[in-house]
Amino acid sequence: MSDKKIGDDAENLPWLGRKLLWVDNPANVKRVFQVLILICIGLFFSDFIYARHGKFEFEQYWGFYGAFGFIAFCIVIFGAKALRTLIKRDEDYYAPHVVDTEEYPDSGLDKASYKDD
Amino acid sequence: MIDAFPPAFIFLIVATLLPLIPGGSVRATIMLLVPVASFWLIWNAPTGMDAQFEFFGFTLTLMRVDKLSVIFGLIFSVAAFLSSLYAFKVHDRVQQSATLFYAGSAIGAVFAGDLISLFFFWEGTAIASVFLIWARGTEGAYHTGMRYLIVQIGSGVILIAGVGLLYQQTGSIAFDKMVLESLGTWLIFLAFGIKCAFPLLHNWLQDSYPAATVTGTVVLSAFTTKLAIYALARGFPGTEILIYIGAVMTIFPIFFAEIENDLRRVLAYSLNNQLGFMVVGIGIGTPMALNGTAAHAFAHILYKALLFMSVGAVLHRTGTSKASELGGLYKTMPLTMIFCVVGAASISAFPLFSGFVSKSLILDASATTGHWIVWLVLVFASAGVLSHSGIKIPFFTFFAHDSGKRPKEAPTHMLLAMGLTAFLCVAIGVYPAMLYSLLPFDVEYHPYTASHVISQLQLLFFALLAFGVLMRAGVYPPELRAINLDFDWTYRRLLPKIIGTVSAVASTIWAAIIGFAMRRINNIISGLYRTHGPEGPIAKVWPTGSMVLWIAMLLAATLLVSFIDLM
């Protein structure tokens, strides 16, 4: 797999790309997730240490925004999944009157890949 | 003597002459200078009505300079500059001219002081912009462009019909605050609503923007819809129905964006959702709300352009903008990735990014005026924005599963354009006073209070946590090569199908009726032929002898009558 090699050798990659390669490691992804949990715990408890100024009474409940954000995100995801079962169609549903099934013409692009080198 | 020279004229004059200039780079450089000149003209334009002239008995005003028109004029000039920089290597004369015509028309419309000049520039944006779609040069782009053009021109036709009715009623063509009380104002409202992508009138946006060229989409994203926002803010501030229209606009595109595969279409849905916030602001109509709308339009043009630029750069290098085909590009396009993340953070309204300081004005205005359901909807929509624009766009393009693609970093001019736009997004977020000083009304507002920052961070980080949990649980919807139906299905499939069925049924019934009638007539004809034809029974009493007899009878009767008369 020559594609993989470019990533692993990291010689051809831009400096910044090399520095970020750690995100490919699942153990590090887990660590990021753990940090996220810690931040959320910290943000939840911060509700107790400052005077909150909400316009509505329900804003004053502890963890209102956190719970709202979490639940809203889940509603969006599960709602979208349900919607997909109803409205998903093949890519060529409207073809040939749409661009979805077409390749973008090469003349308008400047494709360049490290694989070309 | 004109004190305020209309900046639109510079765009239109240069756009007309540009194709004559040889050398693509020269043309591209001129395209960078035009918005700079326009910015300078607008910045220095004296407040008031200017550049007025007579046209068929109407007084047209090309320069109505006040704070509302100036802020839109300025951001349109900035957008024209940034998108021209992004398209610096596009030397296609058609796209170059179209871009200037389009931006110039949008700026012209913003400064139009009357509804007739508004109409001219309104149609100008429609006609010029379609070339940015057709420039892709494929059959699909041609058809998409035609659909786009029909909708956009339709909006203009409805606008001029409304203007005509309004003029008949009031005798004025002034473009000022209107009330929804007559057919004329409703038509004008509808025309604005089409361009603003109101719910059920919105599909032209998601249909056409992903079909334009790499650079064309960046240009398109700035002008048409924000011109409509300006027109609504000018014509219908405080119109209550807009609050609810806007609230619906913030919600429904989120779900579609989440399952859309083409990232440029995801951004088009996201654009629709952001317009919703602005429309709510116009509907509330208080000084703070209108400030929020203007500020959000300003910030939105920048971060939306930035997101379209970063996805465009990926398309430019890989040939695709489909999430299912991308992933892992951070390795070779790290700068584009960072700019994309800046755009994503700005649209998600993270503190220190532009969306935070602009959107909160609208949320605050909705809370202050007691619209708590609308406020909840907007907060919900804010979490939704994070899901598709904040996470989905950067995550599935640059991280997620490795697509194996190793495209080179975006070209320098694109990086420059993205870098400059990203800088502005952060600058507005860090130092909002700069943006606030441009707003239409003087309002004291401090976005960086502990309460506001922490509550926003809680909302966003817990939403991020939900993303992490759902991702790890494997329930996050995968990116699939598919399309999703939307309301346009009704006029692209259902309506043609209904018309097809109705015409088939009607022609069957018609054929049956005609067949029945023809059979009856044929029966009568053949019946008559049978009785009166040469072989028919009536033909048997035709001998000339009977005719002579009858004539003799008549003669006898005549003689008899004459004889009686003589007596």
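# Worked Exercises on a Predicted Model

Leaving aside residues up to four places away in sequence, Trp122(B) touches Ala109(B), Gly156(B) and Leu159(B); two residues are in contact if their C-beta atoms, placed from the backbone, lie within 7 Å. The model is predicted: local features need pLDDT of at least 70 and side-chain atom pairs count only at pLDDT 80 or more, while totals for chains, interfaces and linings use all residues. Residues are numbered from 1 along each chain as its sequence is written, and chains are lettered from A and ligands numbered from 1 in the order in which they are written.

**Exercise 1. Locate Trp122(B) in its helix and decide whether Trp122(B) is buried or exposed.**

Step 1. Trp122(B) belongs to helix α5 of chain B. Helices (H or I, at least four residues) and strands (E, at least two) are DSSP runs, numbered from the N terminus.

Step 2. A residue is buried if 20 or more other C-beta atoms lie within 10 Å of its own, exposed if 12 or fewer, and partly exposed in between, with C-beta atoms placed from the backbone. Trp122(B) has 28 other C-beta atoms within 10 Å and is therefore buried.

Step 3. Lys195(B) lies 73 residues from Trp122(B) in sequence, yet their C-alpha atoms are 9.5 Å apart in space.

**Exercise 2. Which residues of helix α1 of chain B are buried, and against which helices do they pack?**

Step 1. Helix α1(B) covers residues 7–17, and its buried residues are Pro7(B), Ala8(B), Phe11(B), Leu12(B), Val14(B) and Ala15(B).

Step 2. An α-helix has 3.6 residues a turn, so residues three or four places apart point the same way.

Step 3. The packing partners of these buried residues are α2 (24–44), α3 (67–86), α4 (93–111) and α5 (115–134) of chain B.

**Exercise 3. Determine how α13(B) and α15(B) are oriented to each other, and name the residues that form their contact.**

Step 1. Helix α13(B) spans residues 334–347 and helix α15(B) spans residues 372–398; their axes come within 8 Å and cross at roughly 170°. Axes are lines fitted to C-alpha atoms, for helices over the stretch in contact, and angles run from 0 to 180 degrees between N-to-C directions.

Step 2. Angles under 35 degrees count as roughly parallel, over 145 as roughly antiparallel, 65 to 115 as roughly perpendicular and the rest as oblique. The two helices, α13(B) and α15(B), are therefore roughly antiparallel.

Step 3. From α13(B) come Met337(B), Cys340(B), Val341(B), Ala344(B) and Ile347(B), and from α15(B) come Val385(B), Ser389(B), Gly390(B), Ile393(B), Pro394(B), Thr397(B) and Phe398(B).

Step 4. The contact of α13(B) with α15(B) comprises nine nonpolar, three polar and no charged residues. Here Ala, Val, Leu, Ile, Met, Phe, Trp, Tyr, Cys and Pro count as nonpolar, Asp, Glu, Lys and Arg as charged, and the others, Gly among them, as polar.

**Exercise 4. Describe the pairing of β1(B) with β2(B) and the phi angles within the hairpin.**

Step 1. Strands β1(B) (residues 48–55) and β2(B) (residues 58–65) run antiparallel and are joined by seven bridges. Strands pair if DSSP finds at least two bridges between them. Met49(B) has Arg64(B) as its bridge partner in β2(B).

Step 2. Most residues other than glycine have a negative phi, and most peptide bonds are trans. The hairpin has two residues between its strands, and Phe56(B) takes a positive phi near 50°.

Step 3. Ala51(B), in strand β1 of chain B, also has a positive phi, near 50°. Ala51(B) counts as buried because 21 C-beta neighbours lie inside 10 Å.

**Exercise 5. Describe the elements of chain A and the peptide bond from Ala95(A) to Pro96(A).**

Step 1. Chain A has four helices and one strand, in the order α-α-α-α-β from the N terminus on.

Step 2. Of its 117 residues, 19% count as buried.

Step 3. The peptide bond from Ala95(A) to Pro96(A) is cis, with omega near 0°. Pro96(A) lies in the segment after β1 of chain A.
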